[in-house]
Amino acid sequence: MKRTHTCGELTLKNVNENVILQGWVTKVRKMGAMNFIDLRDRYGITQLVIDESISLENIKSEYVLEVEGKVIERKSKNLDLKTGEIEIKVEKVTLINKSELTPFEIKDGIESQEDTRLTYRYLDLRRPEMQNNLLIRSKMNHVIRNFFVEKEFIEVETPIFGKSTPEGARDFLVPSRLNEGKFYALPQSPQLYKQLFMISGLDRYFQIVKCFRDEDLRIDRQPEFTQLDMEMSFADANDVMDTIENLVKKVILEIKGTDIKESIQRITWKDSMDKYGNDKPDLRFGFEIHTLNEIFNGTEIPLFSNLENKSIRAICVDSLLNKKELEDLTEVAKQNSVNILAFAKYDLNEWTGSIGSKLSDNEKTNLVKEFNIEKPSTILFVVEEYYKASQAMGSVRNRVAKLLNLLDSEVMKLAWIVDFPLFEFSEEENRFVAAHHPFTMPADESLDNFDTNKEKALAKAYDIVLNGFEIGGGSQRITDSSIQKRMFDAIGLTEEQIETNFGWFVNAYKYGAPYHAGCALGLDRICMLLTGSENIREVIAFPKNSSGTDPMTNAPDRVTTQQLDELNIKLK
């Protein structure tokens, strides 16, 4: 390469060296006889000093330059930069390319609209914080690949064009020109293929793979996403969890410098719902949820009377929340189908608030004991059916932590959620469906009656959670054909549906399958958390916006009638 150094590597050790640098103009400062340019590439910034003999009349921000000159010691040093003790005394400037005025400044912390940034994503990616996100992502992938290769896993690619199978979310379908009226489905995950690898005797498989789900978008969802997929033969759930735990700890150590020594705690799904109101608890703060029906048994407070299968669920916040904060939290409760968020404030043995003024002495004493209150606090209450109340209070709990600035992105709090329900009831279909997928092994204690006691059946499934986000999950797989048949029957699949959707897969198990288990990690989410980003779009090079479109290319877009005719597709 013609350049001798990058814009981020020169130091006092290079003084008096003749160098060639190439990069983008960040800033031009004209000061008469002596002028300065900050030259930037992805490695850093180097200050150039240019005397009046070299014209800067046509040099502007984001122009691409090549400069030749000598490294000299900088008089006014900037110790915040690696190159801040030197500058380049420029002898020659070559203009490589010009730039129009950019729609936003190329710097960190800009306040431009997200769609503007996505429209000009190639400019957005020039900003140091965005480049740092992608560098961290690259390093994360490198750590993952090295980890699995060292443990004798084989990296194998699975098809992008596959068969549509019912796996939960909607499939993205691709029409086949050569097979009229038939469609490929883009994979929601390589789930079935990786189980076939185990039957194939590959023993240990991994892949960093694109997956696709046609579902509503959130801060941690995209229609196309990247996951780490892995599977192990002759392994059970504990083997996989141990492997993934070691991997996640290594990634956090390499990226954040945080060495997590202790084992990741395991929380049952039931306990997670009871204490945190969801199955992806944020453990960076307390405020565990309590059920208070016993304390208010026989109460005179109308809201807590005549419960009729409802539960009083509450958290205690060690702070006196103000009116604005309480209004904010009430709105969160309403968004979770609970109209009333009651509260009681405790301060120097005085009780106030919508509930506080109505409490009996006995109720006050029991509340202080229940929550171990030792400082001014606010207790928040909801009354609803247990799971609805839990979900609402879980959302309120998370919102409280955000309002009180308790969400430190530098803190990494991990947990395994285990003992998931094997089934969940679908109100839309009025039947039980597989909570994960129909190839998940029932827990040992549910093996005898999982198909007749669906409501209480547990699965050998596990999720790993980081700072309130599910970052991965997996399960022990069913390899016994009789158990698989019972599972299909339990979720109401007919013989015809089984043959149509899974016949090719079930047939493979007739030829000797080892017991096996696996897991998948959402790499976009992990990278979002490692970089402290607000959503996964910040760590994806070319993401879709919240409407599922790409403002830069205008995808998805209309196609020509000729293209549709070739695919035998007619629009309404």
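Student: What percentage of the residues in the protein chain is buried?
Tutor: This is a predicted model. Of the 572 residues in the protein chain, 47% are buried.

Student: How many helices and strands does the chain have?
Tutor: The secondary structure comprises 13 helices and 22 strands. The C-alpha atoms fill a box of roughly 90 × 75 × 55 Å along the principal axes.

Student: What about the accessible surface: how much of it belongs to carbon and sulfur atoms?
Tutor: Carbon and sulfur atoms account for 46% of an accessible surface of about 30,200 Å².

Student: Which residues form a nonpolar patch on that surface?
Tutor: I160, F161 and Y184 form one, with about 260 Å² of accessible area together. Y184 is located in strand β8, residues 183–185.

Student: Is Y184 buried or partly exposed?
Tutor: Y184 is partly exposed, because its relative accessible area is 31% and buried would require under 20%.

Student: Changing topic, how many salt bridges are there?
Tutor: The structure holds 35 salt bridges. One of them joins K544 and E224, with N and O 2.8 Å apart.

Student: Why does that pair tie together parts that are apart in sequence?
Tutor: K544 lies in the loop between α12 (523–531) and α13 (561–566), whereas E224 is in strand β10 (residues 224–233), so the bridge links parts 320 residues apart in sequence. K544 counts as buried at 15% relative accessibility, while E224 is partly exposed at 27%.

Student: Lastly, at what angle do α6 and α9 pack?
Tutor: Helix α6 (residues 269–276) and helix α9 (residues 386–403) pack at about 65°, with their axes 8 Å apart. From α6, the contact uses W269, M273, D274 and Y276; from α9, it uses Y386, Y387, S390, G394 and R397.

Student: How many of those contact residues are nonpolar, polar and charged?
Tutor: Five are nonpolar, two are polar and two are charged.

Notes: Residues numbered from 1 in each chain as written. Predicted model: local features only at pLDDT ≥ 70, side-chain atom pairs only at ≥ 80, totals over all residues. Heavy atoms only, no water. Axes fitted to C-alpha atoms, helices over the stretch in contact; angles between N-to-C directions. Helix = DSSP H or I, 4+ residues; strand = E, 2+ residues; numbered from the N terminus. Contact = heavy atoms within 4.5 Å. Nonpolar A, V, L, I, M, F, W, Y, C, P; charged D, E, K, R; others polar. Patch = residues over 30% accessible without salt bridge, like charges linked within 9 Å, V, L, I, M, F, W, Y side chains within 5 Å. Areas by Shrake-Rupley, 256 points an atom, 1.4 Å probe, with all protein chains shown as cover. Salt bridge = Lys/Arg side-chain N within 4 Å of Asp/Glu carboxyl O. Buried < 20%, exposed > 50% of the residue type's maximum accessible area, 1.4 Å probe, protein only.
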